[in-house]
Amino acid sequence: MDWLADFLLRSWNAVLTAGLGLLIPAVFFLCLGYLVKRRALFGDIRRALPESGLNIQILLFNVVFTVPLIVLAANFLTDFWHASGLVLVPPGQWQDWPVLAVIFVAVVVGDLVGYWRHRFEHSSFLWPSHAVHHSDTEMTWLSLERFHPINRLTTFAIDSSALLILGLPPYAVVANSLVRHYYGFFIHADLPWTYGRWNILFVSPAMHRWHHSVDEVAHGRNFSTVFGLWDWAFGTHYVPGPCDGPLGVADEIDRTLWSQFSYTFRPRAFAHLFRRRSRREVTPAE
Ligand SMILES: [Zn+2]
Ligand SMILES: [Zn+2]
């Protein structure tokens with residue numbers, strides 16, 4: 001039974017670390033929310049409580065069960081790409097670069113890869129797991145934690161593989177994840193900011209909110225996470241103003257952990273997508 005005691009101890013430590021990691025963002029977004037909304041913030045928090053509670057359940061599940069798999073995947077992918085002979089830039093070449101420049105390259109390349117990976121997640125192949133992220137109808141900074149374990153694993157595998165193929169050092173891969181994670185909290189926050197014309201440079205909370213909108217005009221738009229530049233360059237940029245309409249998906253996913261995770265394995269998740277795609281393909285021609 002040593003393995004069980006070991007697992008429980010690791011799980012407890014992981015949950016404790018995740019809880020402490022959320023403390024600073026929680027205080028930050030509480031203060032920011034009060035500055036922007038004043039007393040209206042408390043009504044918004046009350047309305048978002050059921051969705052936020054589910055987001056925290058998903059976070060705890062991923063911390064205990066998905067993160068250990070990601071650690072295994074990290075070791076596997078590092079060995080795999082180094083042994084494959086497909087690494088484009090010899091890792092030693094980055095040693096001559098300043099650390100901040102290497103991190104900048106990792107974040108820019110990571111965001112470009114993330115843009116296309118996100119577009120791939122909206123394809124028939126990956127949508128059934130990505131739909132879980134979009135099922136939050138009361139988006140807050142905690143919506144960043146609503147990801148199906150399969151979505152977490154595919155994201156990690158695709159993004160880190162691209163950086164490893166470029167021979168980027170592990171610290172740059174980690175830095176890219178941290179930048180995307182913390183900026184991800186920000187773009188999911190319930191803030192009306194659009195950044196005006198500057199959202200071509202950086203993704204604003206309103207820009208990503210449109211990505212979560214049920215409005216079909218906004219489907220297939222705003223896939224960037226950090227630099228809005230990619231959406232502008234590839235013709236998917238859409239920010240007509242603050243996004244005040246309803247959020248979520250047409251997919252029927254209940255607000256329980258079981259429904260969220262099992263949805264990905266239901267045949268109707270795939271069948272529904274084909275209807276969704278065909279509808280979307282018709283829309284631009286209308
Ligand atoms: Zn999406
Ligand atoms: Zn999102």
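This is a predicted model: local features need pLDDT of at least 70, side-chain atom pairs count only at pLDDT 80 or more; totals for chains, interfaces and linings use all residues.
The residues concerned are H118, H122, H130, H134 and H211, each of which coordinates the zinc ion (ligand 1) through NE2, at 2.1 to 2.2 Å.

## Packing of α1 against α2

Two packed helices are described by the angle between their axes and by the distance between those axes. For helix α1 (residues 2-37) and α2, the angle is about 155° and the axes lie 11 Å apart. Angles over 145 degrees count as roughly antiparallel, and α1 and α2 are therefore roughly antiparallel to each other. The crossing of α1 and α2 is right-handed.

On the α1 side, the contact is made by F7, S11, A14, V15, A18, L22, L30, G33, Y34 and K37, while α2 contributes A40, L41, F42, D44, I45, L59, L60, V63, V64 and F65. Sorted by class, the residues of the contact of α1 with α2 comprise 16 nonpolar, two polar and two charged.

The loop between α1 and α2 contains R38. Although R38 is not a glycine, its phi is positive, at about 55°. With a relative accessible area of 47%, R38 is partly exposed.

## Packing of α2 against α5

Helix α2 (residues 40-84) also packs with helix α5 (residues 149-165), their axes coming within 10 Å and crossing at roughly 25°. Because angles under 35 degrees count as roughly parallel, this crossing makes α2 roughly parallel to α5. The crossing of α2 and α5 is right-handed.

In α2, the residues that take part are F61, N62, T66, L69, I70, A73, A74, L77, T78 and W81, and they meet P149, R152, L153, F156, A157, S160, S161, L164 and I165 in α5. By class, the contact of α2 with α5 consists of 13 nonpolar, five polar and one charged residues.

## Buried loop positions

T140 is found in the loop between α4 (127-134) and α5, and with a relative accessible area of 14% T140 is buried. Leaving aside neighbours within four places in sequence, T140 is in contact with A48, S52, H188, A189 and D190.

H212 lies in the loop between α7 and α8 (229-233) and, at 0% relative accessibility, counts as buried. Beyond its neighbours within four places in sequence, H212 is in contact with H133, H134, M139, H188, L247 and G248.

## Y238 and N222

The loop between α8 and α9 (257-262) holds Y238. The C-alpha atoms of Y238 and W210 are separated by 7.5 Å, although these residues are 28 residues apart along the chain. With neighbours within four places in sequence left aside, Y238 is in contact with W210, V217, A218, R221 and N222.

N222, one of the residues contacted by Y238, lies in the loop between α7 and α8. Phi of N222 is near 55°, a positive value in a residue other than glycine. At 1% relative accessibility, N222 counts as buried, whereas R38, whose phi is likewise positive, is partly exposed.

## An exposed loop residue

D254 lies in the loop between α8 and α9, and at 52% relative accessibility D254 counts as exposed. Leaving aside neighbours within four places in sequence, D254 is in contact with S259 and Q260. The C-alpha atoms of D254 and S52, 202 residues apart along the chain, are separated by 14 Å.

How values were computed:
Residues are numbered from 1 along each chain as its sequence is written. Chains are lettered from A and ligands numbered from 1 in the order in which they are written. Side-chain values use heavy atoms; hydrogens and water are left out. Donors are N, O and S atoms within 2.8 Å of the metal (3.2 Å for Na, K and Ca); water is not among the atoms, so sites may look incomplete. Axes are lines fitted to C-alpha atoms, for helices over the stretch in contact, and angles run from 0 to 180 degrees between N-to-C directions. Helices (H or I, at least four residues) and strands (E, at least two) are DSSP runs, numbered from the N terminus. Angles under 35 degrees count as roughly parallel, over 145 as roughly antiparallel, 65 to 115 as roughly perpendicular and the rest as oblique. A crossing is left-handed if the near helix is turned anticlockwise from the far one by less than a right angle, and right-handed if clockwise. Contact means heavy atoms within 4.5 Å. Ala, Val, Leu, Ile, Met, Phe, Trp, Tyr, Cys and Pro count as nonpolar, Asp, Glu, Lys and Arg as charged, and the others, Gly among them, as polar. Buried means under 20% relative accessible area, exposed over 50%, partly exposed in between (1.4 Å probe, protein chains only).
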